[in-house]
Amino acid sequence: MYTSEGIYLGLAGGERVVMHLNMVNRHGLIAGASGTGKTITMKAMAESLSDAGVPVFLCDVKGDVSGICQPGKQSEGMERRIDKFGIRESFSYQGYPTVFWDIYQEGGHPVRATVSDMGPELLSRILGLTDAQQGVLNIVFRIADDNGLLLLDLKDLRAMLGYVSDHRAEYAASYGSIAPQSLGGILRALLPLENQGGDLFFGEPALDIRDWIRTASDGRGVVNVLNCVKLVQNPTLYASFLLWMLSELFEQLPEAGDLDKPKLVFFFDEAHMLFSDAPKALVQKIEQVVKLIRSKGVGIYFVTQSPSDIPDSVLAQLSSRVQHALRAYTPAEQKAVKAAARSLRANPAFQADEVIMELGVGEALVSVLDANGVPGIVQRTAIICPQSLMAPAEETARQAALAADGMAKYDQGVDNDSAYEQLAQQKADDEERAKLAAEREQLEKEKAAFAAQKRKEEAAAQKKREKEAEAAQKKLEKQLEREEAARQKAAERRKAQIERQLINTGAQVLKRGLFNTLLGGGKKR
């Protein structure tokens with residue numbers, strides 16, 4: 001509950017435990033075993049911040065945080081708690097202005113980011129790429145930029161990786177060596193992210209982070225509830241979302257310095273999912289962003305079972321602590337309890353490690369910063385009760401909130417022309433050009449074959465004509481020979497005939513002469 005003093009967290013020995021609003025952006029931790037009241041603490045703090053006009057972001061891991069949009073229900077137990085905390089006059093059962101979000105697009109408005117917004121550095125950290133693979137991914141992004149190819153979703157990135165793989169020899173001189181093994185490693189690293197729903201997270205319209213920094217018409221901060229029931233089962237995507245969101249806030253928000261109240265406060269439930277088996281580079285980036293984002297007026301609160309779930313480098317940045325009960329039955333669990341106790345500023349009135357195991361549901365050891373930013377001594381505190389519904393929201397209430405929040409612009413995804421479409425079109429154009437070239441080549445081959453065939457046929461025809469001419473010549477020669485032979489034969493016959501005639505004529509002349517001779521001789525006697 002928000003009061004003039006600040007955020008009223010609960011009672012410790014009859015005294016109010018209050019968190020100063022100007023210290024909320026120093027970050028914090030809410031820890032404790034399952035069922036000890038962490039979610040109630042988170043909701044109570046979120047309500048107080050909303051009442052103070054501070055927008056809030058909540059991770060709804062079990063689905064029960066969604067009830068913050070509806071008024072709580074009166075009960076005998078609630079009435080006793082209201083009187084116990086002395087808030088009868090100021091307490092009212094009420095719902096809070098709520099916007100529901102869901103990366104999987106089932107329980108709220110979609111949350112999307114583009115691959116370009118994520119950038120090669122963050123993407124490399126999320127995917128756990130090696131230095132060589134990160135270098136290649138930077139080259140891929142640079143080639144995309146230089147060629148005007150937008151990287152909006154994962155299919156764009158896959159298409160771009162395939163394109164660079166096919167043309168790596170062409171780009172090696174300008175961008176450096178591009179090892180096919182590194183490209184293959186990046187593609188393999190994308191598979192878990194895609195399988196976990198990355199194809200839904202990466203796309204358009206991309207979320208404008210400023211839509212989370214809003215107040216309602218009554219001045220209360222809007223409570224943004226992210227449905228994480230499915231998301232926490234996919235730690236790679238959960239970490240991707242967290243890192244992108246914090247980086248986006250850090251880049252977009254101006255330096256704010258010390259403010260009277262934060263601009264925005266995040267509560268990340270099941271925070272151990274973010275760091276479990278996380279690459280060292282990813283943890284370092286989260287640590288860096290957590291350190292720097294405070295100056296932007298943003299507070300971050302991790303909600304988990306044990307402080308040991310959070311890396312020491314990140315844990316050191318969390319100033320306010322709300323430690324619910326822990327159970328210790330094994331040496332490892334006892335060690336975790338002692339470590340949790342040591343992270344709190346000691347109270348001489350009790351041993352924190354013993355009290356942690358004695359706390360009941362709704363109780364916590366609380367240590368917050370005073371007005372000067374100094375951690376206060378830890379106090380055993382009964383946590384105040386929320387004013388909203390401590391159960392999942394009714395579906396009608398959820399739908400009513402979705403219809404009235406003004407964020408419907410994100411509901412319909414848009415698949416704009418980007419690298420995938422452009423490269424697909426380029427590939428189609430290349431294939432069409434190759435097809436036309438092949439057709440032209442085939443046509444040229446056919447023309448050449450036709451010309452060759454024509455030349456062959458002409459040669460054959462010429463040869464035939466020459467053969468026919470030769471045959472005709474030979475025939476003519478034979479005919480002439482026959483005619484010449486006939487003429488010679490006729491001439492010989494004529495000659496023989498003439499000779500016979502001459503012979504006959506000579507014989508007759510000779511005969512006539514002999515006769516005359518004979519006649520002449522007779523007359524002389």
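Modeller: Two rings of Phe, Tyr or Trp count as a pair if their centres lie within 6.5 Å, and planes over 60 degrees apart make the pair edge-to-face. In this predicted model, the structure holds 19 aromatic pairs by that rule.

Biologist: What makes the pair of Phe91 and Tyr93 edge-to-face?

Modeller: The ring centres of Phe91 and Tyr93 are 5.1 Å apart and their planes stand at 90°; since pairing asks for centres within 6.5 Å and edge-to-face for planes over 60 degrees apart, the pair is edge-to-face.

Biologist: Why is Phe91 called buried, and why is Tyr93 called partly exposed?

Modeller: Buried means under 20% relative accessible area, exposed means over 50%, and partly exposed lies in between. Phe91 has a relative accessible area of 10%, so Phe91 is buried, whereas Tyr93 has 25% and is therefore partly exposed. Of the 525 residues of the protein chain, 45% count as buried.

Biologist: Which residues form one aromatic cluster?

Modeller: One aromatic cluster is formed by Phe57, Trp101, Phe201, Phe202, Trp212, Phe241, Trp244, Phe266, Phe268, Phe302 and Tyr410.

Biologist: How do you know that the charged end of Arg16 sits over the ring of Tyr8?

Modeller: The rule requires CZ of Arg to be within 6 Å of the ring centre and within 35 degrees of the ring normal. The charged end of Arg16 is 4.2 Å from the centre of the Tyr8 ring and sits over that ring; likewise, the charged end of Arg398 sits over the ring of Phe100, 4.8 Å from its centre.

Biologist: What is the volume of the largest cavity, and which residues line it?

Modeller: The count comes to one cavity of 30 Å³ or more, and the largest cavity has a volume of about 40 Å³. Its lining consists of Leu29, Ala31, Pro307, Arg321, Val322, Gln323, Ser343 and Leu344. Strand 4 (28-31) and strand 10 (320-323) are the elements that give two or more residues to this lining, and strand 10 gives the most, with three residues. By class, the lining has five nonpolar, two polar and one charged residues.

Biologist: How does the radius of gyration of the protein chain stand against that of a compact globule?

Modeller: The protein chain has a radius of gyration of 51 Å, but a compact globule of 525 residues would have one near 24 Å. Along its principal axes, the C-alpha trace spans about 215 × 45 × 45 Å.

Technical notes: Residues are numbered from 1 along each chain as its sequence is written. This is a predicted model: local features need pLDDT of at least 70, side-chain atom pairs count only at pLDDT 80 or more; totals for chains, interfaces and linings use all residues. Side-chain values use heavy atoms; hydrogens and water are left out. On a 1 Å grid over the protein atoms alone, a cavity is a set of points where a 1.4 Å probe fits but cannot get out, and a pocket is an open set with protein on both sides within 12 Å along at least five of seven lines; lining residues have an atom within 4 Å of a point. Grid points are joined across faces, edges and corners, and a volume is the space filled by probe spheres set on the points. Helices (H or I, at least four residues) and strands (E, at least two) are DSSP runs, numbered from the N terminus. Ala, Val, Leu, Ile, Met, Phe, Trp, Tyr, Cys and Pro count as nonpolar, Asp, Glu, Lys and Arg as charged, and the others, Gly among them, as polar. Rings of Phe, Tyr and Trp (its six-membered ring) pair if their centres lie within 6.5 Å; planes under 30 degrees apart count as stacked, over 60 as edge-to-face and the rest as tilted. Buried means under 20% relative accessible area, exposed over 50%, partly exposed in between (1.4 Å probe, protein chains only). The radius of gyration is taken over C-alpha atoms; the globule rule is 2.2 Å times the number of residues to the power 0.38.
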